Amino acid sequence: MTLHESAERGSAPPRKRERHALARALADVRSRRILGMRVDGLRTSVAADGIVELAEAGASGVVCVATVHMVMEAFDAPDFQRSVNAADLVTPDGVPLVWALRRLGLSETRRVYGPTLMRLVCRRAEEHGLPIGLYGGSPEVLARLRENLLERHPLLRIAFAASPPYRAATPDEDASTVQAIEASGVRILFVGLGCPKQERWMAAHREALPCVQLGVGAAFDFLAGAKRQAPLWLQGAGLEWLFRLASEPRRLWRRYLIQNPRFLFHFARELARSRGEAA
């Protein structure tokens with residue numbers, strides 16, 4: 001039984017990971033499987049505390065910020081699902097996932113919105129003197145993101161920043177990136193490559209990078225001001241997807257008009273099946 005399976009079943013307290021002691025802030029986090037993919041029910045402050053604790057302990061780790069899109073990618077690709085389930089933390093970014101966790105018994109779950117989590121972790125990193133890194137986005141977005149972060153957090157140490165090519169990196173390029181990240185002394189690496197690319201990249205580099213990797217998806221674009229965020233009332237109503245679809249229909253139509261209905265169908269069927277078994 002894994003650490004998170006123990007928490008899901010409500011049995012004994014979670015045991016320590018083999019690699020490092022689990023962060024105190026995350027010790028009591030409970031999880032559920034949504035279409036087979038683990039999602040942890042917690043609040044943004046708890047997630048940020050756990051990330052900082054792991055970083056201060058010198059641990060390597062992976063944090064995934066989960067959306068419906070990620071759940072469906074995992075549903076369709078078992079190897080990807082295994083990678084996400086092996087992460088140290090899988091936070092519920094999408095509002096539908098918050099609703100799903102509550103239906104599955106985690107009533108205290110709150111949304112852990114990627115841009116908000118990134119802001120809070122940067123603030124904590126500034127307070128604790130932890131150097132951060134940025135990997136992803138276009139050169140223009142990365143430059144604006146760096147400028148905006150330093151304007152908000154003047155003492156934040158951004159020790160590494162790189163905009164990788166859209167194509168797959170060559171082995172030499174990848175080795176050079178890993179060497180640069182390691183040499184920089186980064187303790188928290190924000191990865192903004194988009195799902196599922198960033199989750200696969202983090203899983204592949206977990207052993208090589210002595211830092212906590214946090215996949216934040218579109219947060220680079222949002223915090224750089226390159227893309228508009230949905231109004232808060234749309235976010236709270238679970239309709240952020242509609243705003244993003246209207247903003248980028250050609251890129252996002254398949255994600256929202258095909259994957260969202262698939263998620264609703266399969267989750268409803270899974271919920272009905274579990275209730276039938278419990279009856």
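What share of the 279 residues in the protein is buried? Buried residues come to 51%, where buried means under 20% relative accessible area with a 1.4 Å probe and protein chains only. The model is a predicted one, so to speak for the record: local features need pLDDT of at least 70, side-chain atom pairs count only at pLDDT 80 or more, and totals for chains, interfaces and linings use all residues. Residues are numbered from 1 along each chain as its sequence is written, and side-chain values use heavy atoms, with hydrogens and water left out.

On to the fold. The protein has 13 helices and eight strands, taken as DSSP runs (H or I, at least four residues, for helices; E, at least two, for strands) and numbered from the N terminus. Among contacts (heavy atoms within 4.5 Å) with a separation of 6 or more, 74% link residues 24 or more positions apart.

Between strand 1 (30-34) and strand 2 (37-41) sits Leu35, a non-glycine with a positive phi of about 55 degrees; Leu35 is buried, at a relative accessible area of 6%. Pro196, in the loop between strand 7 (188-192) and helix 9 (197-205), is joined to Cys195 by a cis peptide bond with omega of about 5 degrees.Finally, the surface: the protein exposes about 13,400 Å², with 54% of it supplied by carbon and sulfur atoms; accessible areas here come from the Shrake-Rupley method with a 1.4 Å probe.

How values were computed:
Buried means under 20% relative accessible area, exposed over 50%, partly exposed in between (1.4 Å probe, protein chains only).
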